[in-house]
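Opening my notebook on this one. I went through it feature by feature and jotted down what turned up.

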Amino acid sequence: MFLVLALPVFSQELPSSIKYELELAAIPENSVGIMIGEVNSNLPLLNHNADVAFAPASTMKVLTSYAALELLGPSYTWKTGAYISGKLEDGVLYGDLIIKGSGDPVFSQKELWLFLRQIQDAGVRDIRGNVILDRSVFKIMPFDAAAFDAEPLKPYNAGPDGLLLNEKKIDVRLVPKESENKVDVIFEPRLDGVEITPPLLSNAECGDWKKDIVLQFDDRRANFDGMYSSACQEKNWSIHPYQMSNTRYFESVFSTLWKEAGGRFGGKVIDGILPPDASKLAEWISPELSSVVSTVNKHSNNVMARQLLLSIGHHVYGDHADVSAGIEAIKNWLASKNISSGGLVIENGSGLSRLEKMSPSTMSRILNAAFHSPVMPELMSSFPIAGKDGTMSKRLKEDAIAGKAHIKTGAIDNVRAIAGYVLAKSGRRYFVVCMVNDPNAKFSRNMINEVLNWTYENN
């Protein structure tokens with residue numbers, strides 16, 4: 001058992017080097033919240049606006065991933081099941097294939113291909129019925145991919161799904177063919193039954209080429225309206241086909257892979273519920289949660305973080321869990337640790353939100369509790385390392401702190417934040433939280449770097 005540290009409320013003058021960087025960035029002191037303290041002390045080293053609730057951006061993932069590691073366990077896995085109803089005879093299924101999702105955040109085209117191989121190896125080569133997708137592990141809710149920033153094509157704006165595939169993302173390759181006066185458009189994954197209308201080829205200069213293309217996507221068509229310059233040469237574009245339903249996306253990838261593996265299927269892919277009399281045929285097991293958390297935090301994956309929140313809700317409350325179930329489970333878990341959730345607002349658990357709020361003092365209590373938790377190694381190792389990897393790979397590379405700080409970053413418009421641990425020059429370890437909410441937040445990088453360097457050098 002660890003003691004939850006009672007962090008006293010007091011104000012402390014900002015170090016001059018941090019004040020200097022704030023002035024250069026034209027950010028007022030009241031737009032910044034900072035909390036720094038040794039992990040084994042009940043006296044904060046620096047407390048500045050620490051009880052004010054700020055938008056935390058992606059540092060919210062610290063809470064979501066830590067809760068997932070404790071509530072689900074580092075070795076937790078998601079299981080996607082394949083079931084059959086009807087009669088299977090000589091490779092022909094006279095009935096339906098049912099695929100039941102479990103909310104796996106990392107179920108990709110590669111995993112689906114291997115899973116379909118399992119199904120075919122189990123004897124199914126020709127499906128005469130339908131393929132039924134059971135995504136009831138999560139409650140199906142309306143989702144507006146444009147709600148956050150009016151950029152619904154951005155992959156980070158994909159919504160959660162009980163049978164998420166590839167994070168519902170398409171990698172588009174644009175290849176100009178001057179000799180044929182056309183542009184080839186190649187999708188990965190390949191989508192069966194989707195007609196592609198490429199952009200027209202131009203010989204203009206290659207500028208902001210994405211702005212010259214209007215992409216209109218639905219269940220059966222992908223129209224790239226506009227011009228693409230040959231001067232751009234080959235380009236790659238990751239998109240979220242938000243106008244295509246989740247069911248149709250899964251169907252397109254499934255149908256392509258099933259046929260490529262030699263299977264036959266003439267029915268429909270529809271949503272439904274696993275029949276009680278269906279027989280299990282195969283099962284795909286995801287990587288362990290500890291591995292998934294590393295991806296969530298190192299690369300700040302918003303779609304996977306949403307899946308974690310819902311998986312927490314499902315683990316505690318069962319099937320048809322929604323976001324509110326995950327939020328309630330996390331707040332109850334915090335209460336069990338005597339960590340107040342006052343001022344804490346969770347919308348989706350990823351930080352990709354204008355509603356989510358957390359104070360630096362609450363974040364510091366979370367970091368302190370995590371440091372004394374059995375899952376500390378998994379959580380800390382999931383944070384980007386200063387100057388080495390993840391979202392911190394290009395920061396502080398030439399500074400003495402490089403390699404000695406595990407820091408989760410956060411950045412959305414008007415928000416910059418960090419939360420994590422610094423191993424100081426003294427050999428003592430500190431938690432560090434800094435949140436900036438200001439129109440000039442995008443200029444706060446040097447100030448935040450100085451917070452980290454100050455912690456390392458002076459403590």
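Predicted model: local features only at pLDDT ≥ 70, side-chain atom pairs only at ≥ 80, totals over all residues.

I started with Pro189, which sits in the loop between strand S8 (182-188) and strand S9 (195-197). Helices (H or I, at least four residues) and strands (E, at least two) are DSSP runs here, numbered from the N terminus.

Residues are numbered from 1 along each chain as its sequence is written, and side-chain values use heavy atoms, with hydrogens and water left out.

Next I checked Asn49, in the loop between strand S2 (44-48) and helix H2 (60-72). Asn49 is not a glycine, yet its phi is positive, about 55°.

Then I turned to the largest pocket, about 890 Å³ in volume. Of its 36 lining residues, Met141, Pro142, Phe143, Gly159 and Pro160 are the closest to its centre. (A pocket is an open set of points on a 1 Å grid where a 1.4 Å probe fits, with protein on both sides within 12 Å along at least five of seven lines; lining residues have an atom within 4 Å of a point.) Which helix gives the most to the lining of the largest pocket? I noted H6, with three residues.

Last, I found Lys397 in the loop between helix H9 (376-382) and strand S17 (405-412).

Key
Points joined across faces, edges and corners; volume = space filled by probe spheres on them.
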